[in-house]
Protein chains: 2
Amino acid sequence: MTSYIVKGNIIHTPSIHQFEVVENGYMYIENGKCQWIKNELSEEVIKELNISISKIDEIDDLSKTLIYDFKDMIIIPSFIDLHVHAPQYIQMGIGLDLSLIDWLYQYTFRIEERFADINYAKKCYPAFVQGLYDSGTLRSVVYGTIHKESNEILVDELNKKGLCALVGKVNMNRFAPINLMETVEKSVQDTYDFIEDIKIKNYKYIKPIVTPRFAPSCSSDLLQKLGDLSNELSLPIQSHLCETQREIDWVKDLFKEELTKEKGTYSDVYKNHSLYGNQPTVMAHGIFMEPREIELALEHNVFIAHCPTSNMNITSGIMPLAKYIDLGLNIGLGSDVGAGHTLAMNQVIISAVQNSKLRHVLYGDRKLVEAEAFYLATKGNGKFFEQVFKGEKIGSFEEGSSFDALVIKDDHPLMDSLTPIEQLQRFLYCGNESSIKMRFLNGDIIR
Amino acid sequence: MTSYIVKGNIIHTPSIHQFEVVENGYMYIENGKCQWIKNELSEEVIKELNISISKIDEIDDLSKTLIYDFKDMIIIPSFIDLHVHAPQYIQMGIGLDLSLIDWLYQYTFRIEERFADINYAKKCYPAFVQGLYDSGTLRSVVYGTIHKESNEILVDELNKKGLCALVGKVNMNRFAPINLMETVEKSVQDTYDFIEDIKIKNYKYIKPIVTPRFAPSCSSDLLQKLGDLSNELSLPIQSHLCETQREIDWVKDLFKEELTKEKGTYSDVYKNHSLYGNQPTVMAHGIFMEPREIELALEHNVFIAHCPTSNMNITSGIMPLAKYIDLGLNIGLGSDVGAGHTLAMNQVIISAVQNSKLRHVLYGDRKLVEAEAFYLATKGNGKFFEQVFKGEKIGSFEEGSSFDALVIKDDHPLMDSLTPIEQLQRFLYCGNESSIKMRFLNGDIIR
């Protein structure tokens with residue numbers, strides 16, 4: 001790979017409120033980065049780049065050809081998932097009638113325990129990685145389990161498939177089954193070892209992320225050591241925040257000795273332990289953030305991963321998404337599998353739009369348009385990766401951006417006269433993995 | 001076909017609040033009707049029925065064998081869709097960012113106009129019917145368009161596929177594009193002709209249903225003639241009710257001369273024109289029913305088709321479903337394609353559960369469990385068909401019920417130790433047409 005042109009109906013969201021569409025456009029990619037998009041090729045460009053046209057089924061060898069003509073297919077930025085639990089892929093869709101606690105103990109923890117056995121990881125994680133790939137999610141921010149060795153299998157599988165991911169060894173030393181609780185020392189040591197393992201392997205697209213499961217799972221001591229580790233090694237952080245009112249009350253009770261009247265929020269717990277914005281930080285959910293928490297998130301550039309499918313399945317509520325966007329918060333989208341029941345980010349995008357429509361009816365909030373939710377799952381989430389992979393531009397086709405793309409064709413026989421945006425809408429609402437004909441990450445075809 | 005036994009994990013909902021499960025059960029079907037379900041076959045039964053065991057791939061000829069062993073697959077009642085617009089299958093997923101009026105004029109009406117050409121119907125309706133079949137929806141209550149000839153193609157296609165349906169020629173004489181408006185005379189005459197055509201063709205599973213699009217689309221005169229027609233020919237009725245607050249205000253204004261303080265609701269408009277419960281009646285949506293309307297629906301045994309995916313996409317709101325169920329209203333579920341973006345009733349079931357969970361958080365309403373929403377899409381909807389196909393029992397595997405069934409296998413490799421209910425949950429949340437291995441309607445395999 002050095003350089004080539006892709007041709008098709010190009011759609012992306014350089015800014016949040018609307019799609020940019022170039023119908024029958026040409027996009028030039030050099031060393032994996034988008035250079036320009038044009039409506040047509042001038043004589044000069046054709047001459048300068050020595051362009052020859054090939055067919056899609058001949059593009060195995062990228063060195064041979066210069067234009068890949070995807071005809072009337074649409075070319076969009078590939079999806080990014082800002083919050084997903086790899087082991088929970090196994091339980092996806094199961095037990096969601098249960099209360100959160102019963103669901104955790106009957107399914108989530110019981111399954112996570114099994115990852116003490118690396119053979120279980122070897123059986124399950126390839127399926128999870130394939131699921132990401134199938135869904136067109138080429139970058140993701142992933143929770144593993146507490147188990148160092150199984151997490152190493154997870155990153156190996158992601159790397160083998162050519163996907164980009166930030167992967168966390170989960171830390172917890174309380175409020176979990178005995179087999180899932182670590183001592184502070186082992187939790188921290190295993191985290192160091194897992195990070196070291198990733199470093200040694202020198203993966204191109206995979207980095208570790210510090211992952212206290214959520215505040216209640218970690219003692220103050222463990223939280224602090226993880227915060228220190230994050231700062232010492234300049235590593236990003238992920239955790240959960242304000243998913244339900246009950247959880248918020250619990251956190252405030254658990255940490256009441258260190259919270260004050262002025263600095264008394266759930267977010268303050270993370271902040272108190274250097275786990276809030278010193279390094280790139282993403283918090284899942286954030287449905288019920290207090291005014292101070294919104295200020296803190298803005299001030300510290302913390303990302304909130306909105307997970308609408310999960311928020312419905314777990315009976316959490318509806319995030320005031322439009323309000324958060326309009327306040328300028330860094331918002332992204334996550335599948336939150338297995339509380340979310342699908343890895344497909346097109347479905348998560350639709351769910352975000354639908355939830356915003358319900359808030360519109362119920363509270364008069366502004367409705368999201370599809371472009372905004374699409375932006376969140378591509379460029380919005382990409383901004384978090386930009387913080388971690390410094391110097392990269394990720395999530396759109398703007399000049400200099402990593403060429404991460406999906407080529408989409410919906411074979412619906414009644415669709416012959418659709419505009420590119422209508423084709424995209426069909427894919428977002430009704431499409432699935434079979435609609436995705438090709439996947440590019442940083443200019444490379446992923447198979 | 002005379003009689004046979006199916007073996008597998010049998011799940012249905014004879015009552016609303018819970019699943020009845022017979023693991024590795026045997027169900028005996030005679031002349032298309034369920035006779036009994038047993039945990040095992042006694043010597044006597046084996047002898048009496050002269051049972052021989054065959055394999056799934058041998059069951060083409062039902063006369064040859066007596067037991068169809070579906071192993072660890074689950075066997076569930078097939079789905080029923082209580083509200084779907086056949087022509088809108090074409091626009092599914094498209095334009096849902098628009099306001100309702102723009103959506104109607106830019107897509108819905110423009111597409112419906114094209115059905116004046118029967119060649120368009122011949123192109124589109126087979127795809128719609130295939131879509132129903134693929135989704136496991138073997139019975140449905142369907143809106144066509146105003147066009148008699150295209151509607152006849154629709155019923156022909158449904159019949160060819162072996163599906164059961166109530167199909168309505170849509171009536172409207174105002175508030176639509178000029179090409180979609182009829183005179184009262186033509187509207188009524190074409191309705192008679194369409195009904196007569198169905199009668200002549202003597203379809204086994206297809207009947208007509210009187211279909212004023214919704215109150216605003218029809219003048220008082222047209223509504224009355226349709227009400228009279230319904231009573232004269234003993235035909236069921238479908239229309240729309242209380243989908244948005246704005247629509248309710250509009251209806252009250254349009255019909256203000258005939259509404260009184262005591263009898264002043266949207267429902268009263270239908271009732272005033274003999275379109276409300278004299279014959280089996282189903283109204284789509286009913287999100288914002290007033291107390292009097294709930295009383296009327298209870299009194300007149302009127303069905304409400306809940307369409308949660310549509311209610312989100314169209315920014316309608318969240319129906320107080322649990323409250324309606326607990327009050328004893330006849331509730332069913334509909335896909336409402338194309339405002340709904342999927343024909344898959346498993347997704348509509350999940351959407352109903354998710355919406356009820358949101359209402360729980362927002363208003364403290366009781367949450368629905370999956371069994372309830374599953375009941376709505378099978379036996380709940382089946383009750384409407386029972387009113388129309390008198391003497392039939394439809395929607396569960398209780399004694400005497402029509403054997404309408406789906407055989408489901410989810411090939412998820414990590415699922416080996418799931419209970420039948422967990423398998424069903426996987427299908428409801430994550431499954432699609434490829435999970436459905438066989439379809440039975442009234443005991444016949446549908447291919």
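1. A disulfide is a pair of cysteine sulfur atoms within 2.5 Å. In this predicted model, the sulfur of B:C34 lies 15 Å from the closest cysteine sulfur, which belongs to B:C164, and is therefore too far away for a bond. B:C34 also counts as buried, with a relative accessibility of 0%.

2. The search of the whole structure, taken over all chains, returns zero disulfides. In chain A, A:C242 takes part in no disulfide, and the nearest cysteine sulfur, that of A:C307, is 13 Å away. A:C242 counts as buried, again on the basis of a relative accessibility of 0%.

3. Salt bridges, by contrast, are found in this model: the search of the whole structure gives 38 of them over all chains. Side chains of opposite charge can pair when their charged atoms come close. The points that follow take up some of these pairs.

4. In chain A, the side chains of A:K379 and A:E398 meet in a salt bridge, with an N to O distance of 2.8 Å. The pair links distant parts of the chain, since A:K379 sits in helix α13 (residues 370–388) while A:E398 belongs to the loop between α13 and β16 (405–408), 19 residues apart. A:K379 counts as buried, at 14% relative accessibility, whereas A:E398 is partly exposed, with a relative accessible area of 22%.

5. In chain B, a salt bridge joins the side chains of B:D72 and B:K409 at 3.9 Å, N to O. This pair also links distant parts of its chain, with B:D72 in strand β5 (residues 67–77) and B:K409 in the loop between β16 (405–408) and α14 (420–430), 337 residues apart. B:D72 is partly exposed, having a relative accessible area of 43%, and B:K409 is likewise partly exposed, at 27%.

6. B:E149 counts as partly exposed, at 42% relative accessibility, while B:K148 is buried, with a relative accessible area of 17%. In chain A, A:D156, A:D197 and A:K201 are linked in a network of salt bridges.

7. Turning to the domains, chain A is divided into domain 1 (3–77 + 395–445) and domain 2 (79–388), and the C-alpha centres of these two domains lie 31 Å apart. Contact between them involves 30 residues of domain 1 and 29 residues of domain 2. The area buried between the two domains is about 2400 Å², of which carbon and sulfur atoms give 61%. A:I16, A:L428 and A:L441 supply 27% of the area that domain 1 buries against domain 2, more than any other three residues.

8. As for polar features between the two domains of chain A, the count is two salt bridges, and 14 residue pairs are found in polar contact across the interface. On the side of domain 1 that touches domain 2, β5 (67–77), β16, α14 (420–430) and β17 (436–441) of chain A each supply at least two residues. The largest share of that side, five residues, comes from α14(A).

Terms used
Residues are numbered from 1 along each chain as its sequence is written. Chains are lettered from A and ligands numbered from 1 in the order in which they are written. This is a predicted model: local features need pLDDT of at least 70, side-chain atom pairs count only at pLDDT 80 or more; totals for chains, interfaces and linings use all residues. Side-chain values use heavy atoms; hydrogens and water are left out. A salt bridge is a side-chain nitrogen of Lys or Arg within 4 Å of a carboxyl oxygen of Asp or Glu. Helices (H or I, at least four residues) and strands (E, at least two) are DSSP runs, numbered from the N terminus. Buried means under 20% relative accessible area, exposed over 50%, partly exposed in between (1.4 Å probe, protein chains only). Domain bounds come from an automatic or database domain assignment. Contact means heavy atoms within 4.5 Å. Buried area is the accessible area (1.4 Å probe) that two parts lose on being put together, summed over both. A polar contact is a pair of N or O atoms within 3.5 Å; within protein, one must be able to donate a hydrogen and the other to accept it, and residues adjacent in sequence count only if both atoms are side-chain atoms.
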